[in-house]
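Please keep the sequence and the 3D view at hand while reading.

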Amino acid sequence: MFEAVGFLAIKLGVIPSDFSYAGLKDKKAITYQAMVVRKVTPERLKNIEKEIEKKRMNVFNIHSVEDSLRLGQLKGNHFDIVIRNLKNQINDSANLKERILEAIENVKSKGFVNYYGPQRFGMGRKVHTDQIGLALLKSEMVKAVKLFLTPEDLDNPVNRAKKYFLQTEDAKGTLSLMPELKVRERALLESLHRFGVTEEGCIQAWFSLPHSMRIFYVHAYSSKIWNEAVSYRLATYGSRVVEGDLVCLDEDVDDEHFPNSKVHLVTEEEESANSYAIHQVVLPVLGYNIQYPKNKVGQWYQEILSRDGLQTYRFKVPTLKLNVPGCYRQILKHPHNLSYQLMEEQNTDVKTEGSHIHEAALSLLISFDLDASCYATICLREIMKHDF
């Protein structure tokens, strides 16, 4: 998505931070979303339609609006997903169609643990986005830049350029090696070439990325800690709602941004009376304006902050204009409007004992809606009981 915004910015003669949007879209999908770009008329956007089609993008429903968008300002997402070549897991003798039906109905009725999906943390093996976010929170600007430019163990132009930078800190030379399509890397390197690989130079380099990108890394760190927290919470207390848990008192919450006034600390009497259900339990996403559970989970949070050297930090990075108030996230979510269809595709060639036979491959077309900041990959993982 950031490459798409970078390309549009060049064609329109604006900068990437002139674009605003409510959410980040997956890289490996056909996606669409509303965007607002400042300083551009609808006519200018229409004039570049042919050029952007060459990049397999389309712009439609173009009109003037009063305000920019902001991250999180969406009700949710709709997904249409096809899962092909379905097979039972090893040692599962159940009828495949019955097993699929059972798995889908199970998630429909019980929901799924509301983990942040793997795309939140990047697909790199060496450096994940949450590590960069932690360095930014601790104002370790040079370290954050070097993490951003750490190569993977793959021999391609991008990783060769990154390797060269870590060896030499020669931003200009690295720019000549970095492919044009790597918009973020090139913006950072151009800034480093101009200001130098110093603490101040790296601050300027981070400012070459739009605010939504800078905050993305910090949110990735908070998200990783939240994932660990929900695993710890469920392992410690299961599906019981216990004293010291935090619950959301608003039944109609469909995003993470509800105020502290809607969050209630469960008392000993309420635990005994089973006053609340597990789907009402929330856990804090780290920030400066949140309260923690008053039980073992709250102690766990404090230990993690201490481990990562953040106990004295306020989740504000004034040098990068980053403020992270935090929020609350429900530990369970349900998909809405879930429908599905099983399809047999008769085009799979299967070899057996020297001959060819046709075997029907089973595919599943599944459609559902998820609230904002929920991940289809996590919902699918719960249905399939399988990482992918």
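Strand E7 (residues 281-285) and strand E10 pair in the antiparallel sense, over four bridges. The model is a predicted one.

**The open sheet**

- Four strands form an open sheet in the order E6-E5-E7-E10, and their pairing is antiparallel.
- The edges are taken by strand E6 (263-265) and E10; each has a single partner strand, so one side of each is left without a neighbour in the sheet.
- On average, neighbouring strands of this sheet are turned by 50° against each other, with direction ignored.
- Strands of a sheet pair through backbone hydrogen bonds, in either a parallel or an antiparallel manner.

**Partners along strand E7**

- Strand E5 (residues 246-248) is joined to E7 by two bridges, and the two strands run antiparallel.
- Leu 246 has Val 282 in E7 as its bridge partner, while Val 247 stands opposite Val 281 in E7.
- Towards E10, Leu 283 stands opposite Arg 329, and Val 285 stands opposite Cys 327.
- E7 is mostly covered, as five of its five residues are buried.
- Helix H11 (residues 211-237) lies across E7 and E10 and runs at about 145° to E7.

**The two faces of strand E10**

- In a regular strand the side chains alternate between the two faces of the sheet.
- In strand E10 (residues 327-330), Cys 327 and Arg 329 point one way, whereas Tyr 328 and Gln 330 point the other way.
- Cys 327, Tyr 328, Arg 329 and Gln 330 are all buried.

- Helix H6 (residues 141-148) is largely enclosed by the rest of the structure, because six of its eight residues are buried.
- The buried residues of H6 are Met 141, Val 142, Ala 144, Val 145, Leu 147 and Phe 148.
- The elements that cover these buried residues include helix H5 (129-137), helix H7 (157-168), helix H9 (183-195) and helix H10 (199-206).
- Also among the covering elements of H6 are H11 and strand E8 (316-317).

**The packing of helices H4 and H14**

- Helix H4 (residues 96-110) packs against helix H14 (residues 376-384) at an angle of about 130°, and their axes are 8 Å apart.
- That angle makes H4 oblique to H14.
- The crossing of H4 and H14 is right-handed.
- At this crossing, Ala 103, Ile 104 and Val 107 in H4 meet Cys 379, Glu 382 and Ile 383 in H14.

**The cysteines**

- A disulfide is a covalent bond between the sulfur atoms of two cysteines.
- The structure holds zero disulfides.
- Cys 374 is in no disulfide, and the nearest cysteine sulfur, that of Cys 379, is 9.1 Å away.
- Cys 374 has a relative accessible area of 7% and is therefore buried.
- Cys 248 counts as buried, because its relative accessibility is 2%.

How values were computed: Residues numbered from 1 in each chain as written. Predicted model: local features only at pLDDT ≥ 70, side-chain atom pairs only at ≥ 80, totals over all residues. Heavy atoms only, no water. Buried < 20%, exposed > 50% of the residue type's maximum accessible area, 1.4 Å probe, protein only. Pairing = 2+ DSSP bridges. Disulfide = S-S within 2.5 Å. Axes fitted to C-alpha atoms, helices over the stretch in contact; angles between N-to-C directions. Parallel < 35°, antiparallel > 145°, perpendicular 65-115°, else oblique. Left-handed = near helix turned anticlockwise from the far one by under 90°. Contact = heavy atoms within 4.5 Å.
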